[in-house]
Amino acid sequence: MSSAPETGPRPVFTRAFGLRIALWYATLFVVGSTAIVLLTYYLTSQSLLQRDRQILQGKLGDYTAAYLRGGINVLANTVRIEQRAAPERLFVRVVDRGVEAVVLSDSDDWDPARLETASVRLSDGTLVQVAKSTEAREALLARFRAALGLVTLSIVVIALTGGWLVTQSALFPIRRLTQAVRRIIRTGRTDARVPVAGTGDALDELVALFNAMLDKIEGLVAAMRHSLDSVSHDLRTPLTRLRGTAEMALAGAPDVDRYREALADCVEESDRVLVMLDTLMDISEAESGAMQLQREPMALADVVARAVDLYRDVADAKGVTLVAGAGPDDPRIVVMGDRTRLEQVAANLIDNALKYTPAGGRVDVEIGRDGPSALLRVRDTGSGIPADEIPRIFDRLFRGDKSRAERGLGLGLSLVKAVVGAHGGTVNVESEPGRGSVFTVRLPL
Ligand code: ADP
């Protein structure tokens with residue numbers, strides 16, 4: 001026996017998937033954090049620049065007032081006194097009506113590229129300029145940049161490790177699920193289940209669904225196996241009989257009459273097998289939706305009338321009263337369906353009712369309406385069905401314990417259920433041993 005090929009994703013895919021999610025997570029985290037860092041840097045540098053400009057404007061106002069009060073000497077005095085006390089040195093220059101500039105403080109570093117300047121031209125044409133070195137600000141910003149660089153680096157490291165850890169723990173249940181699926185495929189054991197973590201999240205739901213799917217598959221496989229067993233078992237009896245008949249005929253002395261009788265028996269047994277196989281195939285087709293239904297609108301009363309007519313003689317012969325109830329509304333109960341198939345449904349139910357009702361009993365066939373459904377009801381006063389058999393009577397090849405004496409294949413009700421199902425309807429039964437049975441078919445109107 002060859003082992004089942006191992007299919008499905010290998011762990012490397014899960015790992016690549018995890019890596020991809022981790023990278024996405026890290027990228028988003030890093031991009032977001034970098035944006036915040038850049039914004040912080042921009043706002044800080046802007047506010048430092050703003051502060052420098054305010055200082056310069058303030059000083060410019062003071063110096064202009066001093067100049068206007070007492071000319072260049074008073075201004076020079078003010079500047080000198082301030083420069084002695086001030087922690088930060090300012091550059092001050094006065095250009096008197098286009099003549100040579102008078103620099104009142106620090107002439108060396110008057111490099112406009114490294115200075116923040118503010119100036120005002122007075123009404124007499126004098127230009128007063130105040131400037132401040134940007135060096136201190138630049139140094140501060142440089143230290144700030146270094147700190148932010150370190151922060152960004154830590155963010156990248158945290159994002160990568162965090163992303164990896166988070167994805168690992170998030171993928172853990174998926175990995176467990178994958179392993180379980182792989183194990184099931186490898187061993188072919190559909191009774192294995194993936195444990196539910198109990199967190200109630202989406203993955204738990206997936207695991208629960210997967211387990212439910214396995215339950216369903218297991219159920220279907222078991223049902224198929226059971227059907228196959230029953231079919232083999234049920235085929236064995238007629239085939240053995242067929243063989244026995246042929247063998248017996250061959251064993252004795254040649255006799256045309258005996259041969260004829262044996263061949264007739266063989267034909268009967270073969271017919272039985274063929275009917276059984278045909279019915280099994282009909283049931284499968286109806287259940288799988290592959291049954292070709294010639295749907296047309298038809299009065300349910302007509303369908304019932306034909307089936308009842310078919311069984312009138314059987315009922316009379318058995319001494320059972322067969323009644324087709326006719327309500328005034330009956331002709332207006334119209335369903336869309338396959339006439340032959342629906343007649344088969346009615347016929348099977350009537351056949352059973354007559355079969356399991358002793359002489360003197362009564363079988364009623366009624367139709368009616370219940371909300372959006374048309375009803376077909378077959379009621380009998382027969383043996384009834386034991387409670388433990390009721391759930392199984394619609395199973396293929398099931399025959400009640402007490403019914404074995406009657407002719408039958410155990411396929412009638414399975415076919416009824418499958419055909420009614422193919423028409424979008426349902427069938428149910430109410431029954432008690434000794435008090436008869438009521439089978440109700442509901443079909444969409
Ligand atoms: P069968 O060929 O045995 O009649 P069915 O599928 O038609 O197979 O029915 C399955 C079983 O359901 C029967 O063997 C019988 O035990 C039970 N059953 C069906 N219809 C009736 C009924 N009207 N009264 C009592 N038992 C019934």
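Author: Let us begin with the lining of the largest cavity, whose residues divide into 8 nonpolar, no polar and no charged. Please keep in mind throughout that this is a predicted model.

Reader: Which residues line the largest cavity?

Author: The lining consists of Leu300, Val303, Val304, Leu342, Val345, Leu376, Val441 and Leu443. Two or more of the lining residues come from each of helix H5 (300–318), H6 and E11. The greatest contribution is that of H5, with 3 residues.

Reader: What volume does the largest cavity have, and how many cavities of 30 Å³ or more are counted?

Author: The volume of the largest cavity is about 50 Å³. The count comes to 1 cavity of 30 Å³ or more.

Reader: Which residues is Val365 in contact with, leaving aside its neighbours within four places in sequence?

Author: With those neighbours left aside, Val365 is in contact with Val304, Val308, Leu322, Val323, Ala324, Gly325, Ile350, Leu376, Arg377 and Val378.

Reader: Let us turn to the pockets. How much space lies in the largest pocket, and which residues lie nearest its centre?

Author: The largest pocket holds about 950 Å³ of space. Its lining has 40 residues, and those nearest the centre are Asn352, Lys355, Tyr356, Gly410 and Gly412. Helix H4 (256–288), helix H6 (339–355), helix H7 (412–422) and strand E11 (437–444) are the elements that each give two or more residues to this lining. The largest share, 6 residues, comes from H6.

Reader: How does the lining of the largest pocket divide by class?

Author: The lining of the largest pocket has 15 nonpolar, 14 polar and 11 charged residues. For the largest cavity, by contrast, the lining has 8 nonpolar, no polar and no charged residues.

Reader: What is the volume of the second largest pocket, and which residues are closest to its centre?

Author: The second largest pocket has a volume of about 390 Å³. It is lined by 16 residues, of which Ala223, Glu287, Phe394, Asp395 and Arg396 are the closest to its centre. The elements that give two or more residues to its lining are helix H3 (202–251), H4 and H7. H3 gives the most, with 5 residues. By class, this lining has 8 nonpolar, 4 polar and 4 charged residues.

Reader: How is a pair of aromatic rings described?

Author: Such a pair is described by the distance of the centres and the angle of the planes. A search of the whole structure finds 3 aromatic pairs. In one of them, the rings of Tyr25 and Phe29 have centres 6.2 Å apart and planes at 5 degrees, so the pair is stacked. Both residues lie in helix H1 (residues 11–85), 4 residues apart, about one turn of the helix. Tyr25 is partly exposed, at a relative accessible area of 37%, and Phe29 also counts as partly exposed, at 35% relative accessibility.

Reader: Why is the pair of Phe394 and Phe439 edge-to-face?

Author: The ring centres of Phe394 and Phe439 are 6.4 Å apart and the planes stand at 75 degrees, so the pair is edge-to-face; the cut-off for that class is over 60 degrees. Phe394 lies in the loop between strand E9 (373–380) and H7, and Phe439 in strand E11, so the pair ties together parts that are 45 residues apart in sequence.

Reader: Are Phe394 and Phe439 buried or exposed?

Author: Phe394 counts as buried, at 14% relative accessibility, and Phe439 is buried, with a relative accessible area of 7%. Phe394 is also among the residues closest to the centre of the second largest pocket.

Note on methods. Residues numbered from 1 in each chain as written. Predicted model: local features only at pLDDT ≥ 70, side-chain atom pairs only at ≥ 80, totals over all residues. Heavy atoms only, no water. 1 Å grid on protein atoms, 1.4 Å probe; cavity = no way out; pocket = protein on both sides within 12 Å on 5 of 7 lines; lining within 4 Å. Points joined across faces, edges and corners; volume = space filled by probe spheres on them. Nonpolar A, V, L, I, M, F, W, Y, C, P; charged D, E, K, R; others polar. Contact = heavy atoms within 4.5 Å. Phe/Tyr/Trp six-rings, centres within 6.5 Å; stacked < 30°, edge-to-face > 60°. Buried < 20%, exposed > 50% of the residue type's maximum accessible area, 1.4 Å probe, protein only.
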